[in-house]
Structures are given as structure tokens and as C-alpha cells.
Amino acid sequence: MELSEILPIHFITGNHDIYKKYDTDVNSIVAFKYIPNVTIYEKPILVTNGKSKILVLPWIGDQELEENYVKDNDLDYVFAHTNIAGFKYDNNRHIHKGARFTDIKGIKKLFSGHIHKRQEFQQFIYIGSPYHTKRSDISNQKGVYVFNPDKNKHVFTPNTFSPTFQRIPLETILELTLKEASKIFHNNYSDIIVPNKYIHLFNLTKFIDLLEDCDYKKIETVGERKIEDELSDVMDGVDIKDILTLLEMSIDELAHHMKVLVKLKVLNNIYYERASKEEVE
Ligand SMILES: [Mn+2]
């Protein structure tokens with residue numbers, strides 16, 4: 001709202017803004033549609049600034065279709081929300097099942113959302129989330145891109161304001177003065193990596209007491225071994241889930257008896273199917 005008073009805002013639907021798995025007709029960003037100076041895009045569309053041909057490509061979830069939209073139009077720029085083959089998921093696994101945009105010739109620049117990890121390859125850019133949201137963001141610098149289509153130049157400005165997630169070895173901290181330590185922990189989420197052999201000796205409570213004047217977000221300790229376990233957990237995790245799958249997972253978490261779980265899932269499925277079929281006015 002405040003932003004739209006400064007400059008025109010353009011939204012494109014992503015997979016987490018939609019109710020159904022692929023169809024974007026029921027989405028949450030529609031709520032912003034009536035704000036002056038705000039445009040939302042629910043379907044792929046060609047737009048222009050008078051000089052360049054620009055494809056706006058909201059979430060489709062079908063890599064072939066996405067590739068065709070890009071191939072079939074002689075484009076300058078693309079703004080997308082999708083998996084792009086050759087890049088990495090937030091958990092660092094390679095994206096194999098994704099649109100092969102990097103093979104398509106002639107795109108001057110492509111910006112995409114979807115993956116939160118900021119990454120660039122040639123003229124293809126995942127802008128990333130604007131700030132850290134979880135531990136997998138550790139060491140991924142977030143920020144804002146400003147793009148000038150006339151010159152095909154972009155400038156990245158790091159976000160040095162928002163809290164970040166970080167991991168700091170205990171040895172490093174022990175070398176710091178209290179003032180230096182306060183500065184590092186200030187406003188951030190920090191894991192102190194404690195060597196396994198010292199895990200029972202390090203007194204976190206006492207340590208945090210020392211930092212009482214430091215306005216930190218969170219300080220936790222992790223053993224070296226725990227980090228290894230966690231990393232392999234992340235590797236096995238599936239990155240993107242649709243609402244149906246998320247609902248099913250939370251049903252599982254209720255830990256009812258098998259019979260009840262099965263009933264809930266059947267109900268969930270029926271409800272979801274109905275909702276998906278229903279016409280939206
Ligand atoms: Mn997404």
C-alpha cells in the first residue's frame with residue numbers, strides 16, 4: 001500500500017498464492033487488485049514498456065508450457081515464477097525437473113521468483129527472498145534488484161537491515177571481545193557450533209547473560225554432529241508442496257488412530273476436489 005504510492009507495483013501469482021495445484025484463478029494476491037497503482041498477473045501475458053517485449057510468466061507448474069511461452073515469442077525480458085533447470089533449490093540440491101530456459105537463445109534477461117536462494121547464471125537471475133527466513137538462507141546475501149530495461153543493466157543492493165541466520169563456531173566467539181560479540185549477535189538468529197566433546201561443558205545461559213545488552217533475535221547451540229544430521233535431513237526434504245499435500249501432512253501430525261486418519265484424508269480429498277471444481281465468480 002505504501003509502496004504503491006511511490007511507484008507502480010506489479011504482482012505475479014506464485015504457487016503458494018494459489019488454492020489449486022496449478023490453476024491460478026483462485027489466489028490470494030487478488031486482494032491487492034483494487035489498490036491504485038497495483039497490477040496483478042494471474043496468466044502469462046506479453047507486455048511492453050514501449051521499447052522492449054516482456055513476458056510476464058506467473059506459476060504454471062508445467063515446464064514444457066513455460067518453455068513454449070518463452071520460445072514462441074521473440075522476447076527481450078522475462079519475469080517468471082518457476083523452477084529453472086540448472087539452478088539449485090534452497091536445500092542446495094540441483095533442479096533437474098524445471099524449465100530449460102538457459103538453452104533458449106535470445107533472452108536478454110530473465111528474473112524469477114519461486115526459489116528463495118538468490119542465484120545468478122549468465123542473464124538468468126533468481127532474485128531470492130528479500131530477507132532471510134530460515135537456516136537454509138545462511139550465507140546467501142539477500143537484497144533488492146533494480147533493473148533498467150533500456151540499458152539491460154541490473155544493480156543489486158544488499159539488504160543490510162533485516163536479521164540474518166548465521167552459524168558461528170564457538171572458537172571464533174571465544175576470541176571476541178564482548179563488544180564485538182554483541183555486534184555479531186545483534187538483530188540476528190545465531191547458532192553457536194559447539195564441538196561435540198564440549199557440548200555438555202558450554203553453559204549457554206551464562207553466555208547469554210553476558211550479552212544482556214545485546215538485542216539479539218535468538219541464540220542457540222548446536223553440536224557439530226547435529227549439523228551433519230540436519231544437513232542430510234534437508235537434502236531428503238521435498239522443497240515445494242501444494243496445499244493438498246500440506247493438509248495431508250498436518251493430518252498425519254495429528255497422530256490419531258489409523259482409521260481416523262484415513263477418514264480425515266478421504267474428507268480432505270473430497271473437500272479439495274469440490275473446491276477445485278467450483279466455479280469462481
Ligand atoms: Mn514459489
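Author: Ser139 lies in the loop between E8 and strand E9 (143–148), where helices (H or I, at least four residues) and strands (E, at least two) are DSSP runs numbered from the N terminus. The model is a predicted one, in which local features need pLDDT of at least 70 and side-chain atom pairs count only at pLDDT 80 or more, while totals for chains, interfaces and linings use all residues. Residues are numbered from 1 along each chain as its sequence is written.

Although Ser139 is a residue other than glycine, its phi is positive, near 70 degrees. Ser139 counts as exposed because it has 10 C-beta neighbours inside 10 Å; by definition a residue is exposed if 12 or fewer other C-beta atoms, placed from the backbone, lie within 10 Å of its own, buried if 20 or more do, and partly exposed in between.

Strand E8, on one side of this loop, belongs to an open sheet of 6 strands with the order E3-E4-E5-E6-E8-E7 and mixed pairing, two strands being paired if DSSP finds at least two bridges between them. Strand E3 (45–48) and strand E7 (119–121) stand at the edges of the sheet, each with a single partner strand, so one side of each is left without a neighbour there. Within the sheet, strand E8 (residues 124–126) runs parallel to strand E6 (residues 109–113), and 3 bridges join them; Phe111 has Ile125 in E8 as its bridge partner.
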